[in-house]
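Me: I am new to this structure and would like to go through it by question and answer. Please show it first.

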Amino acid sequence: MHHSPATPVVYSLPTVDDVKDALAQFVVKAQHEAIEKKGRFTIALSGGSLPKMLGKLVDAPDVQWDRWQVYYADERVVPLDHEDSNHALCKKEFYDKVPIPEGNIHTINTDYLDDIEELREAYENDLILQFASKETARFPIFDLILLGMGPDGHTCSLFPGHELLMEEVEWVACLEDSPKPPPKRITLTFPVLNHAARVAFVATGEGKKEMLARILDRPEEGLPCSRVRPLVGTLSWFVDDAAAELVAHPKSVWS
Ligand SMILES: O=C1O[C@H](COP(=O)(O)O)[C@@H](O)[C@H](O)[C@H]1O
């Protein structure tokens, strides 16, 4: 059955706080639906500006935190308490405020910090344990992947012009030449992003307005964020009006 890739639904909210509110409502609804269907909620988080945007989830009602299985859309290959670690950032901004069981937070295996291919494979095996045992899909089907949009149009650790944009088989890829420090990272690949049930980008601030317009209004440029087009799942953008100022793409009202 052929599916046309998801058309982005863009929710532009007046302020960053409004974006946080809408995002919390969206995530709570996604986890309810997932848990109702499969008894678990598989989510991949990004680093950067994203963890701070999860603040309104902390006090959200009816969240079944013990059913969450948390992975990373990408991670820097550094110790888990390093200032560059996406896990360290998520811990500070989110995990330290909500009761997700520690065993449900799937970090990189830092025994392999000096062997990035082993580290990549170990992370992919962790995903296989979670997904392949429960689904027959060639790719894991995350219930939700939360992504950021870098100022250069990158997402995860998929950077413009990088060979990893062409990866079509591996679930997890590794790189040692990230144009944005630190250089060594692992990242989910486009096939995994595009098999998710839901993908949501979060981008705020006027500093992102030019890039957001390019991503949404000129997808033919092929910037990494534009290549996230879930085959079956939904694609949502949660942005504030400052970031959306130049965007021609139709905006939807969040309610
Ligand atoms: O390096 C990274 O950058 C992206 C975008 O970060 P942002 O602060 O511009 O939102 C982030 O999504 C990714 O997880 C991180 O490793």
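This is a predicted model: local features need pLDDT of at least 70, side-chain atom pairs count only at pLDDT 80 or more; totals for chains, interfaces and linings use all residues.

Me: How many salt bridges does a search of the whole structure find?
Reply: A salt bridge here needs a side-chain nitrogen of Lys or Arg within 4 Å of a carboxyl oxygen of Asp or Glu. With the whole structure searched, the number of salt bridges found is 15.

Me: Lys 56 forms a salt bridge with which residue?
Reply: Lys 56 lies in the loop between β2 and β3, and its partner sits 35 residues apart from it, in helix α1 (residues 16–38). The closest N and O atoms of the pair are 2.9 Å apart. Lys 56 is partly exposed, with a relative accessible area of 30%. The partner is Asp 21.

Me: How many residues apart in sequence are the parts tied together by Lys 52 and Glu 93?
Reply: The side chains of Lys 52 and Glu 93 meet in a salt bridge of 3.4 Å, N to O. Lys 52 belongs to the loop between β2 and β3 and Glu 93 to helix α2, so the parts that the pair ties together are apart in sequence by 41 residues.

Me: Is Glu 93 buried or exposed?
Reply: The relative accessibility of Glu 93 is 11%. Buried means under 20% relative accessible area. Glu 93 therefore counts as buried.

Me: Which residues are linked in a network of salt bridges with Glu 117?
Reply: Glu 117 forms a salt bridge with Arg 120, their closest N and O atoms being 2.9 Å apart. Both lie in helix α3, three residues apart, which is about one turn of the helix. Glu 117 is partly exposed at 37% relative accessibility, while Arg 120 is buried at 7%. The network links Glu 117 with Arg 120, Glu 124 and Glu 170.

Me: Which residues gather in a patch of negative charge on the surface?
Reply: One member of the patch, Asp 114, lies in the loop between α2 (86–93) and α3 (116–131). Asp 114 is exposed, with a relative accessible area of 78%. The residues of the patch are Asp 114, Asp 115, Glu 118 and Glu 121.

Me: Is Cys 156 buried or exposed?
Reply: Cys 156 is placed in the loop between β5 (144–148) and β6. Its phi is positive, about 50°, although Cys 156 is not a glycine. Because its relative accessible area is 6%, Cys 156 is buried.

Me: What is the phi of Asp 62 near?
Reply: Asp 62 lies in the loop between β2 (41–45) and β3 (68–72). Asp 62 is exposed, with a relative accessible area of 58%. Its phi is positive in a residue other than glycine, with a value near 60°.

Me: What is the omega of the peptide bond from Pro 181 to Pro 182 near?
Reply: Pro 182 is found in the loop between β6 (172–175) and β7 (185–188). The peptide bond from Pro 181 to Pro 182 is cis, with omega near -5°.

Me: Which elements do the buried residues of α5 pack against?
Reply: Helix α5 covers residues 209–217, and its buried residues include Met 211, Leu 212, Ile 215 and Leu 216. Lys 209 and Ala 213 are buried in α5 as well. The elements that the buried residues of α5 pack against are β1 (9–13), β9 (234–240) and α6 (241–244).

Technical notes
Residues are numbered from 1 along each chain as its sequence is written. Side-chain values use heavy atoms; hydrogens and water are left out. Buried means under 20% relative accessible area, exposed over 50%, partly exposed in between (1.4 Å probe, protein chains only). Helices (H or I, at least four residues) and strands (E, at least two) are DSSP runs, numbered from the N terminus. Contact means heavy atoms within 4.5 Å. Patches are made of residues with over 30% relative accessible area and no salt bridge: like charges are joined within 9 Å, nonpolar side chains (Val, Leu, Ile, Met, Phe, Trp, Tyr) within 5 Å. Accessible areas come from the Shrake-Rupley method with a 1.4 Å probe; for residues, only the protein chains shown count as cover. Lys and Arg count as positive and Asp and Glu as negative; His and the chain ends are not counted. The place of a charge is taken as NZ of Lys, CZ of Arg, CG of Asp or CD of Glu.
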